[in-house]
Amino acid sequence: MPERLPIHRRPWFFKTVVILVNVAVLALIGAYIAHRHFTVEALKKDLEELGRMESASTIYDRWNQTFGHIYLQNRDPVTLADIPEDMIKAVIASEDARFYEHGGIDFRGIARAFWRNLLAGRSVQGASTITQQLARNTYGLYDKTLYRKFLEAYVSWRIEANLSKQKILELYLNRIYLGGGHYGVESASRGYFGKPAKQMTLAECATLVGLIPSPNKRNPWRNEATAQKFRGNVLARMLETGVITPQQSEAALAEKLVIKQRTFATADSYAMEAVRQQVISKVGFERATSQGLRVFTTLDTQVQRTAEASMKKKMEEIESRPDYLTRPDGTRRQTHAQYSEIFRDAERRAQAIQKEKGTPVPPSTLISPPEYIQGSLIAVDNADGGIIALIGGREFKHSEFNRANSSRRQFGTAFTPLVYAAAYEKGIGPNTLVQDALMDNRLVMIGGVSGILGEWGVERVDNRYDGLMPASFALVRGKNGATVRFGNEVGLENVLAFAKKAGIKSEMRAYPATFLGQSEITLSELAMAYTIFPNAGWRPQNTYIVKQIQDREGKVLYQAKSPGRTRVTDENSAFQVHNGLAESLKWGPAAEASRKYGLKPFPAGAKTGTAYNSTDVSTIGYTSSITCAVWAGFDKPQSIFRGAFGSDLMLPVWSDVMNAAYTTMKAVEFPKPPGLKRVEICYYSGQKATDKCSEISDTAGAPRRRTTYFEYLTARQEPKQECLYHVGGVRPLASQRGQRDRPQEGAVVAVRTVDLDSIPVVPIGSTAVLDPNDPYRSVRPPNDVPVAVVQVTNSGGPLKPGQSGTTEVRRAKAAGPLDADVGLPKNGVEPPPVIQFN
C-alpha cells in the first residue's frame, strides 16, 4: 500500500492555496480600489453643506404672534446650548447609544441589529448612527442600495474626522425631520407645543424623539395615541441606558401631552399665499424661502381662525340642505366632501406620475375645477387698509383663485348704500319721500324685460309695499323699487362717479340695474368703499398685508409706506348713511345679527345683500376699527336655493368675525359731525314735525302715537315747511284710512294713486325670484282684487289738503306703453339692452 502524502503536499491543496491567495489578492486590490473610490467620492462632499440649512421665514401677525412660515423646509436653527439636555439624552439613547464611542460607524450595533432582525424574521432594528443619518439627510443618500450604504459610511467617517461630537449633534438636531412640516427640534417644539425647544419637558423631548423613525405616521396631530406610545418606548430606552431614574420615567409617563392647535405652516391658505407672494416680490424667492426672514403683517391670527371656522361651518350647513343639494332640474350638486375625495385620488395619481417621470405634477391639472359653493371674506383696518383676515375660497389646494380680490360678482342690495351716499352728498336729504310701490321691470330689466321688478332686497318672502316713505327707511328696509326711483333722482352718472371715488375700479354698467348691485365688482372693492362710513368720508387709498420685512439679525429689508387716505364724501353724508346702516342692525334685515347670531352690543353698521335669483349673498359691515365683507356663491353663477338671503347665510359669519375682532380692536361710538342737526321729522310727510303729528293707535283704548322720528340733516336738507299731512290734526286709525294725502314737497316721484301703501299687494309666488306667472298680479289681476282706493279732484289730479273730490276703487290694468307712471327717466333715453344671466 503506497504511503499517503501529507495534506500540505497533495496537489489539490496546493491548487486551493493558490486560488485562495489569488482571491485574497484580488479582494485586497478590489477593496483598495473601492476604498479609494469611496474616499474620493466622500471627499467630493462639501462639509460646508452640513451647515447650509434652509431657514424658514417666520410670518407674524399684527400682535407679533406667529401666523405661519414661508419655506422650502420649515426650520429654525438653534445652537446646542438652546436644546435641553433631556433632548440630547433621549436622542442618543434611542438612536445611537454608543454615539460617543464609535467613529461614525457602529460595527457592534450592526452585528446586534443583524442578529435581532434574523431572530425576528423581519427588520425590527436599524443600525444607522446619528452621524450616518446626518450624512444621509444632508447629501440625499436615500437609495436603498449597497453602494449608497458604503458611500454613507465613508461620508460619516469624514464627518467624524472633521467635526466634534457636539457639532454633529447640533447639526443633526437642527436638520432632522419631525413631521407636520417641521424640520429641527426648534421648529417642531414651537409647532407641536407652542414653546421654544429649551423650555421642553422630558416627556415632550421623548415625544419628539419617538417621531424620528416615522414622523408622518406618529406625529401627534395625526395620531396622539401613537405618539404617546412611542414616547413610552423612548423613556424605556432612556431608563435602560441609565440616563434617567425610574422616578423621572414615571413622572414623564404620567404627564398629559398638551398639543398646540395646528397652524398650517405652508402656503395652504389664501392669507399665507398673499403674504408669500408679496414677500417674494420684495426680496426674491431664494431669500424669502431660505434665509430665516421675519415678516410682520397686518393679519390677526385669532380673527383669521374665527373667520375660517365660521365660514366652514356655514358652508357645511348650506350643503346639508335638501333644497341646495338638488337643483331645480333634479340634478345633484357637488359638495366639498365629494370633491375632496376626487382631489385625493388626483394627488395619488400625481405622485405616481412624478415617480415615473421625475417631474412634479399639480393634482389640480388632472381634474376639473371644483363646482361646490364657495365663500370669501376680507376684513380691513379702517385706519390704513391693512388686511386683518382674508379668505379667497373654501380650500386653497382645491382652487388657488382668490375670490375676495379677483372674482367680480353682483352684490345686489349690499351696493345700495353708495346710491344713498351719492344722493345725500348732492343735498337730497334722508327725509326725502320715495315711493315703495310696484315698478315695471322694463325700467331696470333685471332677469328679463317684462313683469314687475322683484323685491328681494327686503330679504323676506312675505314682503309688502309700504308706499311713500323717507329715503332713510327705504335704505334700512332694502326696498328695491324705492332705491331705483331714488337713484334716478340723483342721476346714474353721479352714482357711478361716486362709486369710483369710493374705490370701485371695476367697470360698472351705465344702466339703472346698477342701483341694485347688478354690475360685477370685487368683494375687496366693496369692502374698501364701505370704509368711508366709519371714516367720516375718508378711505385708505389701497389695502396691503405686509408691514415690514427683517433679516435674521433684525435689519429692515422692506418697510411698507403709509397707504395714505382719499376723501370720498363729506362727513355729513357719511354719517347719514352710517345712521341708516346702524338702524339696519336694529330693525332691518341685519337685525338678526344680535338677536340670533350673538353680535355683541358695540357700535356698528351693516348691510346684507342678495343678488337677483339668489345667485350671490353677502354681508358688509363695520365698527370704528374694522370693515368686514363676506360673500357666498358659485364660481359659475346660479341660484343657491330659493329664498337664499344674505341675512341668513352670511350674516352669521360676519357676526362671528366682528365679535372676534372686538376683543383686540375696540369699537367706539361714531361722533355726530357738527354740520348735522337732529331734526324731528314726520314719517308721512318728510317735513318738520308738529305737535299734531300723531295718529290713533290700532289698539283699542291705547293712547295716540306720534308719527315722527329723528333725522340728522344739514342746513341745506332741513325742511322749511312744517308737516302739512297733519295740518288737520290727529289722523284716524291706520287700518281705517282710505288714503294719505301727503304733500308732494320733497317727494321723489309724483304719485297719482296715493293709497298703494295702505293696501298691500300679496304675492302669489316667491318675492325673491321674478315669477313668470306674474306673482304680483299686476299685469293680469283678477277682477275681485282692488289695487288702490284713490281720492282725486274732478280734474284727476292729486287731492290737496282742504279740497274735496271723488273716491273710487281702481283695478290694475294690463301693462301698456311705458309712461311717467312707472318712473321712467324724463330724458327720453331708450331702455338699455337686456342683461343676460346664466
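In which helix is Tyr32 found? Tyr32 belongs to helix H1, which covers residues 11-44. The model described here is predicted.

**Surface patch**
- Tyr32 is part of a nonpolar patch on the surface, together with Val17, Val21, Val25, Leu26, Ile29 and Ile33.
- The accessible area of these residues together is about 640 Å².

**Open sheet**
- Five strands form an open sheet in the order S2-S1-S5-S13-S14, and their pairing is mixed.
- Strand S2 (66-70) and strand S14 (556-559) are the edge strands, each pairing on one side only.
- On average, neighbouring strands of this sheet are turned by 20° against each other, direction ignored.
- Strand S5 (residues 294-297) and strand S13 (residues 546-550) run antiparallel and are joined by four bridges.
- Opposite Val295 stands Ile549 in S13.

- The loop between helix H20 (492-501) and strand S11 (521-522) contains Ala502.
- Ala502 counts as buried because its relative accessibility is 0%, where the cut-off for buried is under 20% relative accessible area.
- Ala502 and Pro540 are 38 residues apart along the chain, and their C-alpha atoms are separated by 9.6 Å.

How values were computed:
Residues numbered from 1 in each chain as written. Predicted model: local features only at pLDDT ≥ 70, side-chain atom pairs only at ≥ 80, totals over all residues. Heavy atoms only, no water. Patch = residues over 30% accessible without salt bridge, like charges linked within 9 Å, V, L, I, M, F, W, Y side chains within 5 Å. Areas by Shrake-Rupley, 256 points an atom, 1.4 Å probe, with all protein chains shown as cover. Salt bridge = Lys/Arg side-chain N within 4 Å of Asp/Glu carboxyl O. Helix = DSSP H or I, 4+ residues; strand = E, 2+ residues; numbered from the N terminus. Pairing = 2+ DSSP bridges. Axes fitted to C-alpha atoms, helices over the stretch in contact; angles between N-to-C directions. Buried < 20%, exposed > 50% of the residue type's maximum accessible area, 1.4 Å probe, protein only.
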